[in-house]
Amino acid sequence: MPSGKIIKLVVFELLELAAFIIPTLVIMEQFATAYHRKRNGSEGTHYWLIVSCSIAYVALVTLLIWVPVKVLLYKKHHLYKKITGWRPVLTMCVVLTTLPSFSFSIAVTEVQKTANGSVDLLPDSLPDLPVSLVVLSLILVDIIEKLRIYPLRGSEKSNEDRYIHTSSLRQINTVTDQVKQNEENSAHPQAGRTTVMPLPQSHVEVLVGPQEPVFTSGILKTMSRRDLRAEIFLWSFLRWSDTIEMVRVAGHPAVYKSGWLYPVYIFSFISILRIIFTPKNPLLNSLSILLQDLPFVFVRLSLVIALGTITPVLGLCKNILVTLSYVYFNYLTRLRPFAAFETSLA
């Protein structure tokens, strides 16, 4: 009987392969159907030609790129030490699956416009399944890559739980304690010093906020359980909620019947490029601003001005606040006018 590690490896690889193949086939079938209707459905030659080309493309990239890279990474574990800051599997998915899928999603709309002769004859909304399937496949591959380092059986405590448990047992030093400690240290100057400058007395306490509760028994302990592997699923979907909403806007008739379809898809794809980088990459925060929040500010603001509130104003506010807070706390606070130490007394 195969071991649990072998079963886990096989299941993960099959799921990733399905996420790599299925979106392209679905989008290409939708394109073949739209092109077939453009030809008035007289014959199925063009439909089956496009479908067969899509199958050939998927088979080609799978056999020549996906499988060799997978085998190489599995056999040569030391290669992971040479790969810094990015993930090869997600890179293949973005370049070989997401990019063609988004391109042919735009092509489907253009074919429908040409076939109907007018944008007024287009359907009221685009089908949401194909594009949602593309984003869902990327998220699933991202989750699988994060789960590889964790066992699927047994418990795994969340890092935040460990922090709360240790901080609840740790005495929090105030500014007064630190000043007193500095005064005691200054009372014993090193040899060779002639004068000692006294430190100013300060009795301002640091506001630490409400303490987090800790439950040790009963139903509350059961309800407070948190597992890191379950949080991977949660935060993986929450991280891409903004991109999912932007892709959903592309299905609005005012967007896909006009030229706004192109910037929506283009900037949505640029946002997806963040998934290539490792979860703890130091550049990920700044790249999230440059690749998602900042471009989305201009796209959403332009959509609101040109077409009305077809995109949520909450999303626009989120992009603006995240961008401004990142610039302020990471860069402006290092300047002299904003560098003064301040303690809240509320």
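A crossing is left-handed if the near helix is turned anticlockwise from the far one by less than a right angle. I kept that beside me while going through this predicted model.

**Entry 1: α1 and α5**

I started with helix α1 (residues 4-38) and helix α5 (residues 129-147), whose axes come within 9 Å and cross at roughly 165°. Angles over 145 degrees count as roughly antiparallel, so that is how α1 and α5 lie to each other. I then checked the hand, and α1 passes α5 in a left-handed crossing. Next I listed who meets whom: the α1 side includes Phe-12, Leu-15, Ile-22 and Val-26, and the α5 side includes Val-131, Leu-133, Val-141 and Ile-144. I sorted the residues of this contact into 14 nonpolar, two polar and three charged.

**Entry 2: α13 by itself**

At 1.5 Å a residue, its 24 residues should span 34 Å, and the end C-alpha atoms are 32 Å apart, which agrees. I also found a kink of about 35° in α13, centred on Leu-290. After the helix comes Gly-308, with a positive phi near 95°.

**Entry 3: α13 and α14**

Which way does α13 lie against α14? I read an angle of about 140° between α13 and helix α14 (residues 313-330), with the axes 9 Å apart. The two helices are therefore oblique to each other. Their crossing is left-handed. Among the contact residues I noted Ile-289, Phe-296 and Arg-300 of α13, and Leu-316, Lys-318 and Tyr-326 of α14. I counted this contact as nine nonpolar, six polar and three charged residues.

Notes: Residues numbered from 1 in each chain as written. Predicted model: local features only at pLDDT ≥ 70, side-chain atom pairs only at ≥ 80, totals over all residues. Heavy atoms only, no water. Axes fitted to C-alpha atoms, helices over the stretch in contact; angles between N-to-C directions. Helix = DSSP H or I, 4+ residues; strand = E, 2+ residues; numbered from the N terminus. Parallel < 35°, antiparallel > 145°, perpendicular 65-115°, else oblique. Contact = heavy atoms within 4.5 Å. Nonpolar A, V, L, I, M, F, W, Y, C, P; charged D, E, K, R; others polar. Expected span 1.5 Å × (residues − 1). Bend = angle between axes of the 7 residues up to and from the residue.
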